[in-house]
Amino acid sequence: MKDLTSFTLSVVQELEDRERFGTAHVYRSALRAFQRYWKTRHPQEEIRMKKVFVAATIQEFERHLQERMLKLNTLSTYLRMLRALYNRALAAGMANYVPGLFARVYTGTRTDVKRALPPADMGHALTISSSLQQELRETQIWFALLFLLRGMPFADLARLRKCDFRNGVISYRRQKTGRQVSVQVTAEAAELLWQCADHRTNSPYLLNILWDENRYSPLGSRNEYQHYQRVLRNFNRKLKLLASALGLSGKLSSYTARHTWATLAREYGAPVSAIMAGLGHTKEEMTLVYLKELDLAPLHRINKMVNNLLERK
């Protein structure tokens, strides 16, 4: 197993056996991106790992991704997956140690793209409109719950079970990290939960987001993951329509409510540690990714002051 393709597919299989289908999908995507690059440079050669994990190849792969005009975060994801494969291969004795192999390529996370809504727009988005079509009204309720339940991720909202809601508190285990989270449900959130509750006795779900009576798949199975991905794509599509229907200035996505909750909590004066606990993060670095866009605001004001000063002079 000295070629990158076989090694990556073995990692993908291991992840899928552990029901980590999302991570496995990202590894597959990174492998396809590298295969496209390799075909343009070495069309007749196998992707031997001893030729992959050298500084020249890694940097050339980054240039290839840049030439394809990929978004910076997508480019970073592929390079981070390649770095993770390198670390695995290194641990298995299939690659040689190269100091600073990924030091000169971008593996960060771009945070200057604002995902949080202005407070006025968020308030408008939370006011459930009876004039909307039923489909968009349901989308608005789901979006409002993401915010009201402390910035809950859509993956967790969709998979809440009836047994997770007891005595005014939702207690659940996060899909991404496995961390146990408890959320006190406000009266407003409780009303919305009731409006989109799954009242069917044969459904394990609290809300009517994922249950499909014709093809129920156990939580954590490949079919359940694929079904969730279809629901997520449809939700994001409807959120774009909802933003247009409500006349919002910002964009809506499944992550907007989460980013907005974190942003408003920071503006209110909540410490990063409290926001971290609220979001269910396991590391403070994750929380800081949500909050970095706030730190740009003072710099923007300073830059305007400097420009104005120059104009006056």
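This is a predicted model: local features need pLDDT of at least 70, side-chain atom pairs count only at pLDDT 80 or more; totals for chains, interfaces and linings use all residues.
Okay, let's start with strand 3, residues 180-184. One of its faces is covered, with Val181 and Val183, while Gln180, Ser182 and Gln184 sit on the uncovered one.

Who is the partner of strand 3? That's strand 2, residues 169-173; the two run antiparallel and 5 bridges join them.

Next up, helix 9, which covers residues 187-195 and has Ala189, Leu192 and Leu193 buried. Looking down the axis of helix 9, you'd see its buried residues fall within an arc of 105 degrees, so they line one face of the helix. Ala187 and Trp194, on the other side of helix 9, are exposed. And what covers the buried residues of helix 9? The cover includes helix 7 (134-148), strand 1 (165-166) and our friend strand 2.

Now hop over to helix 10, residues 222-246, and find Lys238. Is Lys238 buried or exposed? Its relative accessibility is 10%, and buried means under 20%, so Lys238 counts as buried. Leaving out residues up to four places away in sequence, Lys238 touches Glu135, Leu136 and Thr139.

Leu239 is in helix 10 too, and Leu239 is buried, with a relative accessible area of 0%. Again skipping residues up to four places away in sequence, Leu239 touches Thr139, Phe143, Leu252, Ser253 and Ser254. Take Leu252: it's 13 residues from Leu239 in sequence, but in space the two are 5.6 Å apart, C-alpha to C-alpha.

Let's follow Phe143, then. With residues up to four places away in sequence not counted, its contacts include Leu117, Met122, Phe235, Leu239 and Leu252. Phe143 is also one of the residues with the most contacts inside the largest nonpolar core, which has 53 residues. Others on that list include Leu145, Phe154 and Ile209. Which helix gives the largest share of this core? That would be helix 7, with 9 residues. There's a general idea behind this: in soluble globular proteins, nonpolar side chains tend to be buried together.

One last thing before I sit down.

Methods: Residues are numbered from 1 along each chain as its sequence is written. Side-chain values use heavy atoms; hydrogens and water are left out. Buried means under 20% relative accessible area, exposed over 50%, partly exposed in between (1.4 Å probe, protein chains only). Helices (H or I, at least four residues) and strands (E, at least two) are DSSP runs, numbered from the N terminus. Two strands pair if DSSP finds at least two bridges between them. The arc is that of the directions from the helix axis to the C-beta atoms. Contact means heavy atoms within 4.5 Å. A nonpolar core is a set of buried Ala, Val, Leu, Ile, Met, Phe, Trp, Tyr and Cys residues joined through side-chain atoms within 4.5 Å.
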